[in-house]
Amino acid sequence: MIRQYNIHNFKNHADTNLDLGGLTILTGINGMGKSSVFQSMLILRESYMRRPAMNVLSLEGESFSVGGSAGLVNRNVTVGENKLQLGLVTDDGVFNFSYRYPVGEKNEMDSDENGEVYNTAQLQRLSLFNDDFQYLSAFRVGPQAVYQSHTSVVDKHRQLSARMGMGEYVAYYLSLFGNKKIPVSALAYPDSKTLSLNEQVELWMGEISEGIKMQIHQHGGQYDLNYGYEVPGKTTIYHSALNTGFGISYVLSVVVAILSARPGALLLIENPEAHIHPSGQAALMKLISKAAMGGIQIILETHSDHIVNGALVNWKEQRADKALLSVYYFDRDEYLNSRPYRLEIGDNGRIKNAPLGFFDQMKADLEVLFDF
């Protein structure tokens with residue numbers, strides 16, 4: 001597991017240090033640097049996949065878009081102003097990656113001559129660099145008429161996405177691995193009959209949208225995904241994903257990623273709450289929290305208080321180790337650098353001393369409505 005992540009001189013991160021838990025939640029107003037945390041990790045991952053020696057950092061990738069090197073420099077940095085440094089403190093050791101900013105606009109950065117050198121075997125043990133990883137972005141696909149397949153991405157590397165974290169291969173993934181047992185049995189839905197991925201996905205999706213059922217049909221290299229609903233004594237006909245609520249398809253890849261993850265896996269998920277009713281968000285957080293308590297590391301970016309509260313509720317109910325939960329609120333300092341605060345969680349599960357701006361809009365609105 002990654003215990004700490006350090007970012008130096010990358011966009012609005014002058015010097016950012018994050019203590020990561022089994023579940024880490026990044027919140028804050030737009031433009032404060034949350035997505036840049038994900039981008040910096042994805043740059044490391046894809047650079048490793050292209051050149052395992054990590055002697056060159058690639059700024060062009062399939063899962064991120066950051067532009068050239070000139071736009072990444074933090075103008076307020078005075079120490080190491082020509083270097084981009086990213087550091088990982090993990091259960092397997094400390095890994096520091098250092099690269100020199102080139103002159104002009106470039107799409108690659110060479111490693112710093114004084115930087116550390118790691119062999120491929122060392123890095124391959126880290127979930128950030130192996131197949132025990134999933135990234136699902138805010139760009140993930142909604143309902144599709146047909147879903148595509150990709151034998152290398154899915155069959156070989158067990159990834160849900162090839163481009164921008166879209167989760168575009170979720171239907172093919174389920175068709176391929178749906179009969180396999182989920183790796184972490186503790187994630188099994190209560191009183192379920194089997195541990196098959198298909199059954200577990202359907203049951204957990206039913207927590208988000210009651211009674212939902214799924215069917216996948218293959219047509220050559222394409223797959224149809226259809227949804228229906230069942231309640232005792234009644235069954236609806238199955239409809240194309242296009243004719244089913246948008247949020248159902250949008251959250252499917254999140255549920256599949258969690259249930260198919262192996263112990264020690266790393267999941268990066270943006271806006272898991274998108275298009276989901278608050279009760280569905282609470283249900284999703286049951287699964288996410290169980291996974292994080294069970295050895296799967298998850299980092300979320302969210303703008304939903306239901307996601308944060310869902311984590312707090314589950315941690316309190318399960319009396320889980322608070323060290324496994326990190327909640328950050330991102331703000332800016334006087335130099336417009338990203339400034340994340342790790343929020344303190346009290347014994348009652350509540351956030352202590354929440355900063356101004358931390359999900360306080362409802363309070364402000366109620367003060368107006370009730371003339372406080």
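Mentor: Contact here means heavy atoms within 4.5 Å. The model is predicted: local features need pLDDT of at least 70, side-chain atom pairs count only at pLDDT 80 or more, and totals for chains, interfaces and linings use all residues. Residues are numbered from 1 along each chain as its sequence is written, and side-chain values use heavy atoms, with hydrogens and water left out.

Trainee: OK. Leaving aside neighbours within four places in sequence, what is Val 201 in contact with?

Mentor: Leu 174, Met 214, Leu 252, Val 255, Val 256 and Leu 259, once those sequence neighbours are set aside.

Trainee: And which residues touch the most other members of the largest nonpolar core?

Mentor: Leu 23, Val 201 and Leu 252, in a core of 66 residues. A nonpolar core is a set of buried Ala, Val, Leu, Ile, Met, Phe, Trp, Tyr and Cys residues joined through side-chain atoms within 4.5 Å. Buried means under 20% relative accessible area, exposed over 50%, and partly exposed in between, with a 1.4 Å probe and protein chains only.

Trainee: Which helix gives the largest share of this core?

Mentor: Helix H6, residues 246-259, with nine residues. Helices (H or I, at least four residues) and strands (E, at least two) are DSSP runs, numbered from the N terminus. Apart from this core lies another, of 41 residues, with Tyr 99, Phe 133, Tyr 135 and Leu 268 among them.

Trainee: Which strands is E3 joined to?

Mentor: Four bridges join E3 to E15 (residues 297-301), in parallel, and six join E3 to E16 (residues 325-332), also in parallel. Two strands pair if DSSP finds at least two bridges between them. In E16, Tyr 328 is the bridge partner of Leu 26.

Trainee: Is E15 buried or exposed?

Mentor: Buried: five of its five residues are, so E15 too is largely enclosed by the rest of the structure. Gln 297, Ile 299 and Glu 301 point one way, Ile 298 and Leu 300 the other. E15 also pairs with E14 (residues 266-270), parallel, over five bridges, and Leu 267 has Ile 298 as its bridge partner.

Trainee: New topic. How many aromatic pairs are there?

Mentor: Nine in the whole structure. Rings of Phe, Tyr and Trp (its six-membered ring) pair if their centres lie within 6.5 Å; planes under 30 degrees apart count as stacked, over 60 as edge-to-face and the rest as tilted. Phe 97 and Phe 129 form an edge-to-face pair, 6.1 Å centre to centre with 70 degrees between the planes.

Trainee: Where do those two sit in the chain?

Mentor: Phe 97 is in strand E6 (residues 93-100) and Phe 129 in the loop between helix H2 (120-124) and strand E8 (133-136), 32 residues apart.
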